[in-house]
Amino acid sequence: MTALRPERESEASYGEQQPYESYEPYVPPADDETVALRLSDLSERIGAPTSEATSPSGASSATGATGSPTGGRAARRKAAKRRGGRHGAGARPSTEPAEDGDSPDGSAAPLSRVEARRRAKARKPSPAVLASRAIGEVFITTGVLMLLFVTYQLWWTNVRAHAQAGKEASNLQEEWESGKRAPGEFEPGQGFALLHIPKLDVVVPIAEGVSNKKVLDRGMVGHYSEGALKTAMPSAKTGNFGLAGHRNTHGEPFRYINRLAKGDEIVVETQDDYYVYKMTSSLPVTSPSNTSVLNPVPPQSGFKEPGRYITLTTCTPEFTSKYRLIVWGKMVEERPRSKGKPDALVN
C-alpha cells in the first residue's frame, strides 16, 4: 500500500478524485532472445560454461518443450556444433547418392554376391587381351633370341675362331723352330702350313681336311685332301693345291678374296719352304657342286697345261652358302726358309 501512496497524493494535489483500484507492479516483458544472447555472451567472455536459466516451473529457459534450442543465434550455432562435430559437417544430411560399395557416411559397405562377381568379371582380362599379350610375349622372346643368335654368329664366333687360329699358328711355329714336327702326312684337322695374303693382311693356319668342326669353324683354312676332292700339296711338282675357308663368321679368313686382283701375291709357308703364287683369275659365282674347279687343270681358270696352281674357294654372296666364289693362282717362286722370307712378305 505504501507504494501507491505517492500516486494518490499526487492525484489529490490536482484536485481530481479517482476511484481506488489495486494495481500490480509493472514488470516489462522478458526478451528471451536478448536475455539468451546476453547470457551466452557473458559466459563466453568469462570462459565459464553457460548455465541454463530455469523458469519458475523448473524447465530450462534455453530449450523449448521439444528439447530444441530456443535461445539466440549464437546459442543455436553452438548447439549445432555440439551435435555435428567441430565444424558441423555431420549435422547436414548428405543428399548425394553413395558410391557402389560405400555407405552414406563414407564407410565401406559389404558387397552383394552378384555385385562382387560383376566387379571380379570386370577386372578379369578378356580372352582377346590374353591372346594379344601371349602373342606379344612370343614376338618379344623370338626377337631377343634372334638378336642373341645374330650376335653369336657375327661377333662371338669370330672372337673364338681368331683365338683358336692364333694359338694354332703359334704352336705350329714353335714346333718348326724346335724341330719337333717332321714333314710328311698329316692327320685330319692337323695344321701343317701358314697362308699369307699380304694385300688383305691375312695370316691363317692351313689344316688337313675341310671339316667344319675340326678345321673351318676354328678359324683355319682347310686343304682338300680326302676322296674325290683330294688335291696336291704345294711341294708337288705339278698339281692344284685346293683350299677352303669361311667368308663370314668363324674368323672369316676369305671374306675379302673377291678384292684380289691379277698379280697379287699368295704365300704358303711350310716348315721348310715358302711357296709364292700370283693371282691369275677368278670365278665370281658357281655351283657348290662344281668340283671341276679343283682339277689339276681347272677348265674355267684359263690354265692350258699342268702346272703348280692354287685354288681358293669360299661361299657367296656374303652371309649365305648358296654359291661359291673361286680364286686361282700360279706358283712363281719356291724359296727355302733358310734363305729368309720372300719379297712378298718383306715389303
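Is Arg76 buried, partly exposed or exposed? Arg76 is partly exposed, because its relative accessible area is 39%, a value between the 20% and 50% cut-offs. Welcome to this structure; here are some notes to read beside it.

1. **The overall picture.** Please keep in mind that this is a predicted model. The protein has 6 helices and 8 strands. Following the sequence, the elements come in the order α-α-α-α-α-β-β-β-β-β-β-β-β-α. The protein has 347 residues, and 31% of them are buried.

2. **Salt bridges, and the pair Asp264 and Lys199.** The whole structure contains 7 salt bridges. In one of them, the side chains of Asp264 and Lys199 meet with an N to O distance of 3.0 Å. This pair links distant parts of the chain, 65 residues apart: Asp264 is in the loop between strand S4 (239-244) and strand S5 (265-269), while Lys199 is in the loop between strand S1 (191-197) and strand S2 (202-208). The two partners are worth looking at one by one. Asp264 counts as buried because its relative accessibility is 15%, under the 20% cut-off. Lys199, with a relative accessible area of 46%, is partly exposed.

3. **A bridge between strands.** Next, look at Glu334 and Arg308, which form a salt bridge with 3.1 Å between the closest N and O atoms. Here Glu334 is in strand S8 and Arg308 in strand S7, and the pair links parts of the chain 26 residues apart. Glu334 is partly exposed at 37% relative accessibility. Arg308, in contrast, is buried, with a relative accessible area of 18%.

4. Some bridges share partners: Glu177, Glu269 and Arg337 are joined by salt bridges into one network.

5. **Aromatic pairs, starting with two tryptophans.** A search of the whole structure gives 3 aromatic pairs. One of them is formed by Trp155 and Trp156, a tilted pair with ring centres 5.8 Å apart and 45° between the planes. Trp155 counts as exposed because its relative accessibility is 53%, over the 50% cut-off. Trp156 is partly exposed at 39%.

6. **A stacked pair.** Which arrangement do the rings of Phe303 and Tyr309 have? Their planes are at 5° and their centres lie 3.8 Å apart, so the pair is stacked.

Key: Residues are numbered from 1 along each chain as its sequence is written. This is a predicted model: local features need pLDDT of at least 70, side-chain atom pairs count only at pLDDT 80 or more; totals for chains, interfaces and linings use all residues. Side-chain values use heavy atoms; hydrogens and water are left out. A salt bridge is a side-chain nitrogen of Lys or Arg within 4 Å of a carboxyl oxygen of Asp or Glu. Helices (H or I, at least four residues) and strands (E, at least two) are DSSP runs, numbered from the N terminus. Buried means under 20% relative accessible area, exposed over 50%, partly exposed in between (1.4 Å probe, protein chains only). Rings of Phe, Tyr and Trp (its six-membered ring) pair if their centres lie within 6.5 Å; planes under 30 degrees apart count as stacked, over 60 as edge-to-face and the rest as tilted.
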